[in-house]
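Here's a protein model to explore. Take a moment to look it over, and then we'll walk through a few of its features together.

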Amino acid sequence: IYSMELSELYLKTAFAVMACDGDIAQEEIEMVQKLEVAFDLDANHRKELLDSYVELINEKGLDFLKEYLAQLESSNLNLEQAQHLLLLVLKMIEADGVVQYSEIKFFKKIRLALGLSDDEIIEISPQQVLEIDIEDFLLPDNVEGELEWRENIQFDKFTSLLI
């Protein structure tokens, strides 16, 4: 994966994690701004992409998240890239200080799409890096079920949310 494509995948990942619980918290938006270095995209391009993701998720709802997971599964990330992406997911989940089950379930679906083992996940997240306990995310769970999505969720454009 080229760095631009990878940067866009990281940004789409951050957005999908923000949106997976049906609410985009201000702290999550601030986290995207803090992590902009990881996205290697100029500010205007980043806002355009985020706005396009908002349009797509408003239009497709849950199908947006399913398509994202399918894209992730076929992305052929190497171990380091996959671990970096998963660390980004965890940072986005902890950004608003509230870990919801829908976020844990989405994490598990992402992990499944990436094909990472428990050991490969534990390796990326020493407790100094994350405030949340990674062990909670590794507990056995039925991830075969559907993601949950409330009907009629609509998000505002990012251009109006970003500072």
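## A helix tour

Let's start with the residues of helix α7 that are buried: Glu103, Ile104, Lys105, Phe106, Phe107, Lys108, Lys109, Ile110, Arg111, Ala113 and Leu114. Keep in mind that this is a predicted model. With 11 of its 14 residues buried, α7 is mostly covered.

How does the length of α7 check out? The helix runs over residues 101-114, and at 1.5 Å a residue those 14 residues should span 20 Å; the C-alpha atoms at its ends are 20 Å apart, so the two values agree.

Is Asn76 buried or exposed? Asn76 has a relative accessible area of 69%, and the cut-off for exposed is over 50%, so Asn76 counts as exposed.

Now for a pair of helices. The axes of α1 (residues 3-19) and α5 (residues 62-73) come within 11 Å and cross at roughly 145 degrees. The crossing of α1 past α5 is left-handed. On the α1 side, the residues that meet α5 are Leu9, Lys12, Thr13, Phe15 and Ala16, while α5 brings Phe64, Leu65, Tyr68, Gln71 and Leu72. Sorted by type, the residues of this contact are 7 nonpolar, 2 polar and 1 charged.

How values were computed: Residues are numbered from 1 along each chain as its sequence is written. This is a predicted model: local features need pLDDT of at least 70, side-chain atom pairs count only at pLDDT 80 or more; totals for chains, interfaces and linings use all residues. Side-chain values use heavy atoms; hydrogens and water are left out. Axes are lines fitted to C-alpha atoms, for helices over the stretch in contact, and angles run from 0 to 180 degrees between N-to-C directions. Helices (H or I, at least four residues) and strands (E, at least two) are DSSP runs, numbered from the N terminus. A crossing is left-handed if the near helix is turned anticlockwise from the far one by less than a right angle, and right-handed if clockwise. Contact means heavy atoms within 4.5 Å. Ala, Val, Leu, Ile, Met, Phe, Trp, Tyr, Cys and Pro count as nonpolar, Asp, Glu, Lys and Arg as charged, and the others, Gly among them, as polar. Buried means under 20% relative accessible area, exposed over 50%, partly exposed in between (1.4 Å probe, protein chains only). The expected span of a helix is 1.5 Å times one less than its number of residues.
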